[in-house]
Amino acid sequence: MNETTVGKARSLGADAWYRFKKNRLAVLSLIVLLAMVLVAFSTFVIDWATDSSIYEAKVITQDLRRRLEPPSWEHPFGLDEFGRDMLLRVIWGARYSLFMGMAAVFGATLLGGFLGAISGFYKTADNIIMRLMDILLAVPTILLATAIVAALGTSKINLIIAILISQTPTFARVVRASVLTVKEQEYIEAARAMGASDMRIILRHIIPNSLSPLIVQCTMSVASAILSIASLSFIGLGIQAPMPEWGAMLSNARTYIRDSWHITVIPGAAIMVTILMLNIIGDGLRDALDPRLKN
Amino acid sequence: MRIDKPLLQVKNLKKYFQTPGGMLHAVDDVSFDLLPGSTLGVVGESGCGKSTMGRAILRLQEPTSGTVLFDGTDVTACSKRELKALREQMQIIFQDPFASIDPRMTVSQTIMEPLIIQHKMDRRDKKGLERKALEIMELVGLAPRLVNSYPHELDGGRRQRIGIGRALVLRPRFIVCDEPVSALDVSIQAQILNLMQDVQKQMGLTYLFITHDLSVVKHFSDEILVMYLGQMVEKCESKRLFAQPMHPYTQALLSAIPVPDPRVRMQKIPLKGELSSPIEPPVGCRFAKRCPYATSACTQKAVLPREIEPGHFVACVRAGEL
């Protein structure tokens with residue numbers, strides 16, 4: 001076929017990206033977040049290249065003579081209650097919040113998405129799955145995560161599992177709701193009239209069409225997962241000292257809040273900025289993916 | 001009239017729905033034959049079960065009882081696999097071109113999908129599939145440059161052409177057209193109807209044409225079936241129905257067609273009351289409550305269609321005398 005006769009195709013995804021780009025705040029947030037992810041990722045590379053020597057020497061090793069030193073040119077974020085560099089600790093801490101939060105949400109998306117798709121599509125499964133989800137939803141997220149960590153023991157994997165389980169019902173609900181709407185669309189009936197199987201209808205028609213609320217939910221959920229990790233670490237059930245997790249840092253620092261503001265404000269600000277960015281991106285995505293707001 | 005063997009034979013087709021108030025009789029005991037290459041128009045007001053009937057024939061909704069013979073095969077008794085094979089020969093065109101096309105698929109993907117589902121062509125044969133899609137697009141009057149467009153970029157008329165293309169790509173013999181033009185502008189309606197008539201001639205298609213627009217059906221159908229509350233009230237050749245309607249409901253319906261001439265005074269037959277409920281309807285003629293000619297005989301027992309003259313079926317107790 002002649003190239004020139006073919007019109008330029010713009011898929012809904014490309015269309016959404018075009019609209020997302022117009023939202024400057026969301027693009028800015030995305031850039032900041034990507035930078036944070038990059039920085040967090042680079043710590044793995046540094047640890048691998050230096051055999052964790054920088055981590056051992058600067059992030060963990062205490063220097064009690066210089067404890068609680070305020071921000072200076074040498075240490076822009078100051079030193080903490082054990083004389084460790086706050087900037088490096090915040091940078092090394094990003095990996096826990098970001099990657100564990102993402103891992104938990106990724107798992108919850110798969111599990112919740114699968115359960116939601118099944119209960120939206122098959123009426124008989126709906127009641128059983130959704131009542132189970134209701135039970136999980138009835139318990140406050142943080143309480144549920146606390147209970148799971150307390151039962152399984154404190155480790156990174158258990159922390160991810162706890163947050164994954166507590167996030168799953170939200171995803172199941174979101175996916176089920178959009179599957180229920182999409183299922184009634186005429187193009188599903190059209191596919192059936194062609195002789196398409198249930199599996200094909202779910203994979204080719206229902207999932208692509210119920211993706212947008214799921215994507216938005218994902219971004220928002222990473223924010224709340226990060227908050228959960230920080231909260232659990234704050235109460236001592238998450239990441240254990242001396243690992244520099246933001247919530248744990250905040251928790252340890254609160255004793256010194258009257259004398260040294262910087263060691264509480266800095267990890268708190270790191271948590272806040274991350275969550276704010278994620279929420280702005282989530283809002284931007286929702287606007288970009290919602291065809292009703294399309295101009 | 002031709003003496004071919006009918007392509008489609010519908011016998012005592014029923015589709016009931018369970019509702020909190022009782023059984024809803026959406027389609028009640030409809031029977032008809034459809035000859036190959038002909039068009040049967042199905043008319044009736046909204047909610048009378050026209051669309052449900054079309055879907056029950058294709059088993060997009062399971063019929064409650066009755067049989068549908070397609071070229072001798074009983075559609076209602078088919079297994080899943082047999083049904084899938086049959087779908088190749090019976091297709092449907094939907095009313096709303098905005099709802100019936102997957103917004104995430106391009107024009108060519110939508111048109112090619114039936115070929116992939118029915119294993120007519122290898123899904124990896126991208127070139128061949130695209131050639132086929134372009135062929136169909138040309139047939140339904142879509143410019144080749146739209147091949148990679150998404151439905152939201154197109155207007156209603158073009159979308160409906162996609163819907164028609166999708167129905168035609170498997171080269172079916174029978175198509176249920178579920179109000180294919182009622183969602184379109186009047187100017188585009190004519191184009192789409194012409195297109196449908198052209199492909200019918202080219203491919204020898206048989207249509208079951210569901211509509212509430214009498215002026216459309218008049219020019220389009222060989223035969224017309226009038227439905228009222230799930231039942232067939234009258235069926236005969238199109239010309240004869242317009243010249244000589246026998247059922248009081250058909251008469252009222254035809255009298256409501258506007259005449260595009262301000263000087264002509266229309267002789268409308270006003271109907272009293274509303275459509276009665278299709279939930280657990282009483283015995284007898286369902287139209288009796290609104291019928292100006294109703295007698296006590298109308299509500300005593302079920303009124304079945306009678307052949308008043310050859311090929312002209314009327315379900316009315318007083319059919320001969322009115």
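**Figure 1. Where chain A meets chain B.** In this contact, 26 residues come from chain A and 33 residues from chain B. The model shown here, as in every view below, is predicted. Putting the two chains together buries about 2700 Å² between them, and carbon and sulfur atoms give 55% of that area. The contact between chain A and chain B also holds three salt bridges and 11 residue pairs in polar contact, both residues at pLDDT 80 or more. On the chain A side, the elements that give two or more residues are α1 (12-22), α8 (186-194) and α9 (198-209). Helix α8(A) supplies the largest share, seven residues. Sorted by type, the chain A residues that touch chain B are 10 nonpolar, eight polar and eight charged.

Figure 2. The C-alpha trace of chain A spans about 80 × 55 × 35 Å along its principal axes. Of its 295 residues, 48% count as buried. Take the contacts in chain A between residues at least 6 apart in sequence: 71% of these join residues at least 24 apart.

Figure 3. Salt bridges that share partners join A:Glu186, A:Glu189, B:Arg55 and B:Asp178 into one network. Within it, the side chains of B:Arg55 and A:Glu186 meet at 3.4 Å, N to O. B:Arg55 also forms a salt bridge with B:Asp178, at 2.6 Å, N to O. Is B:Arg55 buried or exposed? B:Arg55 counts as buried because its relative accessibility is 9%.

**Figure 4. The surroundings of B:Asp178.** This residue lies in strand β7 (residues 174-178) of chain B. B:Asp178 counts as buried, with a relative accessibility of 2%. Besides its salt bridge to B:Arg55, its side chain makes a polar contact of 2.9 Å with the side chain of B:Ser51. Leaving aside neighbours within four places in sequence, B:Asp178 is in contact with residues including B:Ile93, B:Phe94, B:Gln95 and B:Ile210.

Figure 5. Over all chains, the whole structure has 28 salt bridges. One of them pairs the side chains of B:Lys50 and B:Glu179 at 3.8 Å, N to O. B:Lys50 lies in helix α1 (residues 50-57) and B:Glu179 in the loop between β7 and α6 (186-203), so this pair ties together parts of chain B that are 129 residues apart in sequence. Both partners count as buried, B:Lys50 at 4% relative accessibility and B:Glu179 at 7%. The salt bridge between B:Arg158 and B:Asp155 spans 3.5 Å, N to O. Here B:Arg158 is partly exposed, at 32% relative accessible area, and B:Asp155 is partly exposed too, at 38%.

Figure 6. You can find B:Arg87 in helix α2 (residues 80-87) of chain B.

Conventions
Residues numbered from 1 in each chain as written. Chains lettered and ligands numbered in written order. Predicted model: local features only at pLDDT ≥ 70, side-chain atom pairs only at ≥ 80, totals over all residues. Heavy atoms only, no water. Contact = heavy atoms within 4.5 Å. Buried area = accessible area lost by both parts, 1.4 Å probe. Salt bridge = Lys/Arg side-chain N within 4 Å of Asp/Glu carboxyl O. Polar contact = N/O pair within 3.5 Å; in protein donor to acceptor, adjacent residues only side chain to side chain. Helix = DSSP H or I, 4+ residues; strand = E, 2+ residues; numbered from the N terminus. Nonpolar A, V, L, I, M, F, W, Y, C, P; charged D, E, K, R; others polar. Buried < 20%, exposed > 50% of the residue type's maximum accessible area, 1.4 Å probe, protein only.
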